[in-house]
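The sequence and structure come first.

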Amino acid sequence: MVLIKFILSLYLMATVVAFFIAILLGLMGRIIKILNIQELHPVSIPGTPPGQIMPPAAEADYTEIAVAIAVAKRESSSK
Amino acid sequence: MSFIEVIPDVFQGITTLFHSEPKIAITRIFLILLGFTLMYLGRKGVLEAMIMIPMGLGMATVNASVMFFDPLSIHAPHGMSTLFLEAQVGSGLEPVQAAADTIKILGIDWLQPVFSLTFSNNLIACLVFLGVGSLLDIGYVLARPIVCMTIAMFAELGTLVVFPLAVYFFNFTPQEAAAIAVVGGADGPMVLFTALVLAPPLFVPISVVAYLYLGLAYGGYPYLVKMMIPKKLRAIKMPPPVKPPVAYNSMEKMIVAAILCVVLSLLLPIAAPLIFCLFLGISIRESGVKPLQDLVSGPMLYTATLFLGLTLGILCDVNTIMDPKVLPLLLLGMLSLLISGVGGILGGLFIWWVTGGKVNPVVGIAGVSCVPTTAKVAQKVVSKENPSSIILPLALGCCISGVITSAIISGIFCSLLKADSGFLVNLQQALGNVVQ
């Protein structure tokens, strides 16, 4: 009887936690839609293949990336 | 000494058969044949090939390659062992001797580093969860969280039933019984984890039994579904929802995964490593960092699965299988998974009834977790009856919820029954079995 009580209490506790998580998921789903969070698209450097934040190592190293960013900034500020 | 006289020393795999007790020799031959059978069934697709092929070959080979070799002098009286791994190294010794033995055996047995550094500390289970997480789409749970979680809670029935049975009828301690009952949650990594925390001496046999049965579930559950759900219900085509399902972008899914990971870790810190790995996998999937996703869902997942299967096979040596506690474990493990399957199907039927027949009850079997095997089983069974019926998205949602409910139950078991828990002492006192 002791074990039956124990396991039933454990199951009840697990059910409460599981439904808390389910309700939390449901609420989060709604709140996130209300907040209208947009997909983040990392700013890519001109010449970078789609989906890559940095150019492939074979084509550019970090110095070239820094230069490319500086050039892009200067161009955008002069417009 | 003549050449004929040294032949037994050369072919020690055979010689050791004649130097062992008959029941050990017969068990070794049986395990070799069982290994071949598992490989065959894996290749045929009846069992999960990814686990069964390395496990089967490992089981057959480790039982064939026994020799007169006992560097730690722990295999009295004949001193027979293999060059694969020593699962019980250091157990029962004082810490300094245990550490010395472990270091010594790490330099001898080729799979010992994998066992000691990835298996017995649960790293391999975490890596599998990381890879599995990177294959999961949390959007499936977000679509119908209450339905998924209800089915998943039904599918924990095996854990609920087997725990008291193991204590009452097989005289296991509450901790051992909990570690065995968690097999019903059908999450290999969770079983490894619970056994490691609650019943370290039974860690090896429980993990072997759990993965053996998880492989068998792939072959057995379709028959259970067919037995419990009539053909007419299996063929139900789920109508599209009245409101189109909300689509979540990857940024939203990542936020949900991060919050859920933190909330679950706050609630169940003891299961946090596994929870973290699962949600890290999901976050990597949604992050858009393709090289990382390719790494964890490809090479890392497959390497971890290969070594998991291999280590489990190697652990199926005659010493483990002949442990008197293994037979009850085999029975209880099978019972736990079977009852969980029945519970999941009952959950599916309950949801079918509540929704007025709009949900195909076969999704219930996916609540048993075992990601993504049971979801694949559910879709396979339904496709046989009605090829145009697609239940996989909901089934995957139930599968993911099954992982969450298994983590919840394992976490509660581990918190309540860990060695220094006052609750355990009270429970044992109540059972008339006070720990000194």
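Helix 19 of chain B runs over residues 326-354 and has 29 residues; from its first C-alpha to its last it reaches 41 Å, close to the 42 Å expected at 1.5 Å a residue. Just after this helix, B:Gly356 adopts a positive phi of about 65°. The model is predicted, and local features are taken up here where pLDDT is at least 70.

## The two chains

Chain B comprises 22 helices and two strands. Its radius of gyration is 23 Å, close to the 22 Å that the globule rule gives for 436 residues, so chain B is as compact as a globular protein of that length. Taken along the principal axes, the C-alpha atoms of chain B fill a box of roughly 85 × 50 × 45 Å. Of the 436 residues in chain B, 54% are buried. Among its contacts between residues at least 6 apart in sequence, 73% join residues at least 24 apart.

Chain A has two helices and zero strands. Of its 79 residues, 13% count as buried.

Where the chains meet, 27 residues of chain A are in contact with 32 residues of chain B. The side of chain A that touches chain B consists, by class, of 20 nonpolar, five polar and two charged residues.

## The nonpolar core

The largest nonpolar core has 163 residues, and those touching the most other members are B:Ile180, B:Ile206, B:Leu274, B:Ala378 and B:Ala395. Helix 21 of chain B, residues 392-417, gives the most to this core, with 17 residues.

Which residues does B:Ala395 touch, not counting residues up to four places away in sequence? They are B:Val363, B:Ala366, B:Ala375, B:Ala378 and B:Gln379.

## Single residues in chain B

B:Gly35 lies in helix 3, residues 22-44, of chain B. Leaving aside neighbours within four places in sequence, B:Gly35 is in contact with B:Gly56, B:Leu57, B:Met59, B:Ala60 and B:Gly313. B:Gly35 and B:Leu130 are separated by 95 residues in sequence and by 28 Å in space, C-alpha to C-alpha.

Two residues have a positive phi although they are not glycines: B:Ser73, at about 50°, and B:Asn122, at about 75°. B:Ser73 sits in the loop between strand 1 (67-68) and strand 2 (80-81) of chain B. B:Asn122 sits in the loop between helix 6 (112-119) and helix 7 (123-133) of chain B.

Are B:Ser73 and B:Asn122 buried or exposed? B:Ser73 counts as exposed because it has 8 C-beta neighbours inside 10 Å, and the limit for exposed is 12 or fewer. B:Asn122 counts as buried because it has 21 such neighbours inside 10 Å, where 20 or more are needed. B:Gly35 also counts as buried, with 23.

The table sets out the neighbour counts of these residues.

| Residue | C-beta neighbours inside 10 Å | Class |
|---|---|---|
| B:Ser73 | 8 neighbours | exposed |
| B:Asn122 | 21 neighbours | buried |
| B:Gly35 | 23 neighbours | buried |

Definitions and conventions:
Residues are numbered from 1 along each chain as its sequence is written. Chains are lettered from A and ligands numbered from 1 in the order in which they are written. This is a predicted model: local features need pLDDT of at least 70, side-chain atom pairs count only at pLDDT 80 or more; totals for chains, interfaces and linings use all residues. Helices (H or I, at least four residues) and strands (E, at least two) are DSSP runs, numbered from the N terminus. Two residues are in contact if their C-beta atoms, placed from the backbone, lie within 7 Å. Ala, Val, Leu, Ile, Met, Phe, Trp, Tyr, Cys and Pro count as nonpolar, Asp, Glu, Lys and Arg as charged, and the others, Gly among them, as polar. The expected span of a helix is 1.5 Å times one less than its number of residues. A nonpolar core is a set of buried Ala, Val, Leu, Ile, Met, Phe, Trp, Tyr and Cys residues joined through C-beta atoms within 7 Å. The radius of gyration is taken over C-alpha atoms; the globule rule is 2.2 Å times the number of residues to the power 0.38.
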